[in-house]
Amino acid sequence: MNSATAPIMTKDSPGIAVNHESTLHFLRKIISNPLQTIPPEAFHEPLVYSDIGGKPRIYLSDPAIIQDVFINKADFIVKGTMVQRILGPALGNGLLTTDEGSNWRRQRQSIGPEFQHARLLDFQAEMIKAAERTRDRWSALGSQAQIDLRHEMMLTTFDVIGETMLSGRQEMDVFAIEQDIATYLKAAGWLMALEIMHAPAWTPFPGRRRSMAAARSMRQAVVAMVARRRKENSRRDDLVSRLLATQDLESGKSMSDEEITDNLLTFIAAGHETTAQGLSWTFYLLSQHPEIETKVIKEIENVTKGQALRPDHIAQLVYTRQVFSEAIRLYPPVPLFTRKVVKNFTLGDFTIPADAILITPIFAVHRHTSLWDQPDQFIPERFDPEQVKARHRFSFLPFGAGPRTCIGNAFAMMEAVAILAVLLPVFHLVYRSRQAPVPTLQVTLQPKHKLYIQVHGR
Ligand code: HEM
């Protein structure tokens, strides 16, 4: 059917699952834990329609529908104002937050080479070194020390970003940045709720002043670094130099300091927080599954022959990679992403109207009852190549879908494997609490409370 004849999708459309939650309930959940706004139907239906704040919100859980929308209908959707509202005050208009169009394309083209395979291979040595610094820090703590796992993983992945993208982590005060990001993200639920209510940007809410001060503090630190690097006028081999040298293909104009700042902040934030969350969940899951932990360590020992991890080992650690994939299936660091429809388009038997909001609830797709056997169980063997081939490729989409898919996908996978392979043979991590960590969404998926873990030397 084409859009001229297909009826507009509404809550009365035949064969469509509808979630009847009221706008008030929805807003309450979005402020306390936006993960709970994913309707329960999204875990077993292909598509769920809901009506919040007078606008259709359509949840896409079926991989074939996701593929159709993000690949074939990509021209009908944009990121929309939600991401700008949540992240704009901190990240400005960088690659992650800018709307589709020439500005995004130019940024993606200039930054792309930094993520090409050959370049990533160069980064592996720094990833290993960062993991080794964490290993040495933990070793110095003595046996059975308790660590805040998420904080430790943030330090490690920040270290990687600092060394690979900024030519040295000493360029920034990692503790201050981590604190600023955490403070800023506390406002995310409120910012989402206000966007849904179309409230103006200045609308007050609890914690607003603190959160905006954190965004300013982060930006000032990066502005100062960009100014230092412009003055220094030496070409180092890193993202800062690449951005300083970028010129628009058509106009020949270079990037302004503001654009460079936006992108550096984007890579600092998007490039370390997500991987750190994924690693924290991985270590937690391994602490609950000793048989899987033993299997990973065996693989690492077989590949490294008991020697220090080398860059060329990383690609050989196939099971370790499967373990990380399975952890981010259960706990995807980005558990949902949204798009705004800009022009009517046909999806199956219906027309999706302009202005509708499309949500891809990665968290629900990854636990969908018709896609996964025992969806809530931790089974890394699901990522055996044969099993992967048998599934629709959009059944597993931790890095998103379509043109705006994560630019750091391969980087994150290499980094995660390197960090696991350095730390796991040396430490056994023990989670003592009787309560399983509760996942909560603050832009990324994180445990509601700090994840305290005991580190035992092997
Ligand atoms: C496990 C780790 C990671 C996960 C799960 C993840 C997830 C995602 C997802 C789902 C998106 C798409 C969002 C959307 O379509 O609205 C995205 C975009 C992005 N990610 Fe990642 N990411 C990870 C690591 C990284 C790393 C390491 C970097 C950089 C070093 C990075 C940089 C970005 C950027 C710049 C974008 C925006 C791309 C664009 O719009 O063109 N991410 N990420």
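Where is Asp159 found? Asp159 sits in helix H6 (residues 149-165). Helices (H or I, at least four residues) and strands (E, at least two) are DSSP runs, numbered from the N terminus.

This is a predicted model, in which local features need pLDDT of at least 70, side-chain atom pairs count only at pLDDT 80 or more, and totals for chains, interfaces and linings use all residues. Residues are numbered from 1 along each chain as its sequence is written, and side-chain values use heavy atoms, with hydrogens and water left out.

**Buried positions and a helix cap**

Is Asp159 buried or exposed? Asp159 counts as buried, at 6% relative accessibility. Buried means under 20% relative accessible area, exposed means over 50%, and partly exposed lies in between (1.4 Å probe, protein chains only). The side chain of Asp159 joins that of Arg133 through a polar contact of 3.0 Å. A polar contact is a pair of N or O atoms within 3.5 Å; within protein, one must be able to donate a hydrogen and the other to accept it, and residues adjacent in sequence count only if both atoms are side-chain atoms.

Helix H2 spans residues 63-72. Its buried residues are Pro63, Ile65, Ile66, Asp68, Val69 and Phe70. An α-helix has 3.6 residues a turn, so residues three or four places apart point the same way. Asp62 caps the N-terminal end of H2. One of its side-chain oxygens lies 3.1 Å from the backbone nitrogen of Ala64.

**The ligand shell**

The ligand is surrounded by 27 residues. The closest are Trp104, Arg108, Arg339, Arg404 and Cys406. A residue is near a molecule or strand if one of its heavy atoms lies within 4 Å of it.

| Residue | Distance from a side-chain N or O atom to a ligand oxygen |
|---|---|
| Lys79 | 3.2 Å |
| Arg108 | 2.7 Å |
| Arg404 | 2.7 Å |

Which elements give two or more residues to this shell? They are helix H4 (102-111), helix H11 (257-288), strand E6 (337-341) and H16. H11 gives the most, with 6 residues. By class, the shell has 16 nonpolar, 7 polar and 4 charged residues. Here Ala, Val, Leu, Ile, Met, Phe, Trp, Tyr, Cys and Pro count as nonpolar, Asp, Glu, Lys and Arg as charged, and the others, Gly among them, as polar.

Cys406 also carries a record. The UniProt annotation "binding site", from an unreviewed entry, covers Cys406. UniProt positions are given in the numbering used here, feature names are shortened, and annotations may be inferred rather than shown by experiment. Cys406 lies in the loop between helix H15 (385-390) and helix H16 (409-423). Cys406 is partly exposed, with a relative accessible area of 33%. Not counting residues up to four places away in sequence, Cys406 touches Arg108 and Phe399. Contact means heavy atoms within 4.5 Å.

The unreviewed UniProt entry places a "transmembrane region" at residues 410-431. In the model this span is 64% helix and 18% strand. Its end C-alpha atoms lie 29 Å apart.

**Loop residues**

Asn344 lies in the loop between E6 and strand E7 (345-347). Asn344 is partly exposed, with a relative accessible area of 38%. Leaving out residues up to four places away in sequence, Asn344 touches Ile8, Phe76, Thr351, Ile352, Pro353 and Ala354. Its side chain reaches the backbone nitrogen of Ala354 at 2.8 Å.

Most residues other than glycine have a negative phi, and most peptide bonds are trans. Gln144 has a positive phi, near 60°. Gln144 lies in the loop between helix H5 (117-140) and strand E5 (145-148), and counts as partly exposed at 46% relative accessibility. Asp355 also has a positive phi, near 90°. Asp355 is found in the loop between strand E8 (350-352) and strand E9 (357-360). At 35% relative accessibility, Asp355 counts as partly exposed.

**A helix pair**

The axes of helix H12 (residues 290-304) and helix H13 (residues 318-330) come within 8 Å. They cross at roughly 145°. Axes are lines fitted to C-alpha atoms, for helices over the stretch in contact, and angles run from 0 to 180 degrees between N-to-C directions. From H12, Ile292, Lys295, Val296, Glu299 and Ile300 meet Val318, Tyr319, Thr320 and Val323 in H13. By class, this contact has 6 nonpolar, 1 polar and 2 charged residues.
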